[in-house]
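Hello,

Here is the structure I promised to hand over. My notes follow below it.

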Amino acid sequence: MESKPSMRLNKLKCCSVRTTRDETNLTILNRIRGDDPSLEAVWIRRGLSARSDVDYISTHLAGHDLRWLSKCIGNNTAIKKLVLAESNQPCLGLFLKRIARNKSIQAIELIGLPLHQVSGLPGLNPSERVFFKRLGQFIEKNGNITSLIMTRVTCLQGGGIAHLIDAIERTNQLSEFQFSCNNLNTDNAHVPRLISALSHHRGLISIKLGRVGPCVCNELAKVVIHMSRLRAIDLSDSGIDNSGLTSLIESISSCDCNPAELDLSDNSPNISKVGWQNLASYLASKTCELTNVSLALNKISQDDMIELARSVQNNPNLISLEFRKIRTGRETIEFEKALGHHSRPNEIFKTNHRLQHLGHRHSIGIGIRRPSMRIGMLNTLLDINRTSLNVDQAAITKIMLLCDELDMTELLDYDLKLLPNVVNWF
């Protein structure tokens, strides 16, 4: 006969008060056992959580408590996401083995796991090999995992991750994959193989890689060719270099993969003039479908910024372009030209009327400025793009604002509220 849980699970009522570890554990355990449909995500973490928007289990569990937790999760049909966060529990490998019969979990997230302290069954080598073996087995047996996120997972130097890679290669259902800020050697031969294994998951929608090195980024360029549904690529602080960026741009411009979001933040000095010029050429091309591009925390020269500004003019899709800062000089003038300033009325229609945000401190929240103010004019043009109902209205508004023959400057005193009424005259 199976022992009863040491915390008397069957004798306590559900409660929402989280004052002690035992009360928190009992509350969530009861909800897990009862298949509570509102319990879609469970965090298993070390100690009490300061967050009030997640349901968590404190992992100081062992023996019968761990057995009951794994049994309840294994039988649960409501949980959609399982998060293992900041826990050095030595039984996590065994826990994953026991919940393998669960078919409802669709997302797994690992946050801050010191895997050098993780072990599985007694007598096995206490390393990350056991954990990744159990994780791979769970992913394969579950068959429904669509999201896999690994952040700040330490000790990935050994071959344990090979078990996870094998599971990824044998499955094909992932739609989200994140692998960032993990403590690993970028020369590790398993890491490029991990990215290569993603080629089997052609339904991937989002990829995030951080601190993986240029070799892995080059491998990603080969993989995205197979992903026609890919919409977001996050390579912030990834270590991508000119070669990797060039290869990535060539891949996404020559295949069915047309992502809408690209994040290249914090990759200086790996990306230099060659890389930024190739990006500018892609932004100016007709095949570019990017709507959001982030270049924040990168040191970009004035000449490269001017090239990026010129590439924006004929881009029909770009809504947001973020970067470190904009100087009140040639760069500002080029962005103004891209948005219609210094143009004749018939040329204004051919400029950009979609861009709504430039990632500098003056672009959002400053309000409308007079045209005589350099940054103010740029901000005004962006605001027209944001508030217009369509590109035609934006173009007509700019013509009336910028052309001396149709001087509507005084309407700025009313924050452009009267301008749409004047546009209707045409």
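Which residues in helix 9 meet which residues in helix 10? From helix 9 they are Lys273, Trp276, Gln277, Leu279, Ala280 and Leu283, and these meet Asp303, Asp304, Glu307, Leu308 and Ser311 in helix 10. By type, the residues of this contact divide into five nonpolar, two polar and four charged. Here Ala, Val, Leu, Ile, Met, Phe, Trp, Tyr, Cys and Pro count as nonpolar, Asp, Glu, Lys and Arg as charged, and the others, Gly among them, as polar. Contact means heavy atoms within 4.5 Å.

Before going on, the ground rules. This is a predicted model, where local features need pLDDT of at least 70 and side-chain atom pairs count only at pLDDT 80 or more, while totals for chains, interfaces and linings use all residues. Residues are numbered from 1 along each chain as its sequence is written, and side-chain values use heavy atoms, with hydrogens and water left out.

Back to the helix pair. Helix 9 (residues 273-283) and helix 10 (residues 302-312) pack at about 10°, with axes 8 Å apart. They are therefore roughly parallel (angles under 35 degrees).

Helix 5 (residues 161-169) has a buried set: Ile161, Ala162, Leu164, Ile165, Ala167 and Ile168. Buried means under 20% relative accessible area, with a 1.4 Å probe and protein chains only. These residues pack against helix 4 (128-142), strand 5 (147-151), strand 6 (176-180) and helix 6 (190-197).

Gln178 lies in strand 6. Gln178 is buried, because its relative accessible area is 16%. Its side chain makes a polar contact of 2.9 Å with that of Glu176 (a pair of N or O atoms within 3.5 Å, one able to donate a hydrogen and the other to accept it; residues adjacent in sequence count only if both atoms are side-chain atoms). Leaving out residues up to four places away in sequence, Gln178 touches Leu148, Ile149, Met150 and Lys208. The C-alpha atoms of Gln178 and Leu209 are 6.0 Å apart, though 31 residues separate them along the chain.

His353 sits in the loop between helix 12 (345-348) and strand 12 (357-359). It counts as buried, because its relative accessibility is 8%. A polar atom of the His353 side chain lies 2.9 Å from the backbone oxygen of Ile348. A polar contact of 3.0 Å joins the side chains of His353 and Lys398.

Last, the cysteines. The disulfide count is zero, with a disulfide taken as two cysteine sulfur atoms within 2.5 Å.

Best wishes

Technical notes. Helices (H or I, at least four residues) and strands (E, at least two) are DSSP runs, numbered from the N terminus. Buried means under 20% relative accessible area, exposed over 50%, partly exposed in between (1.4 Å probe, protein chains only). Axes are lines fitted to C-alpha atoms, for helices over the stretch in contact, and angles run from 0 to 180 degrees between N-to-C directions. Angles under 35 degrees count as roughly parallel, over 145 as roughly antiparallel, 65 to 115 as roughly perpendicular and the rest as oblique.
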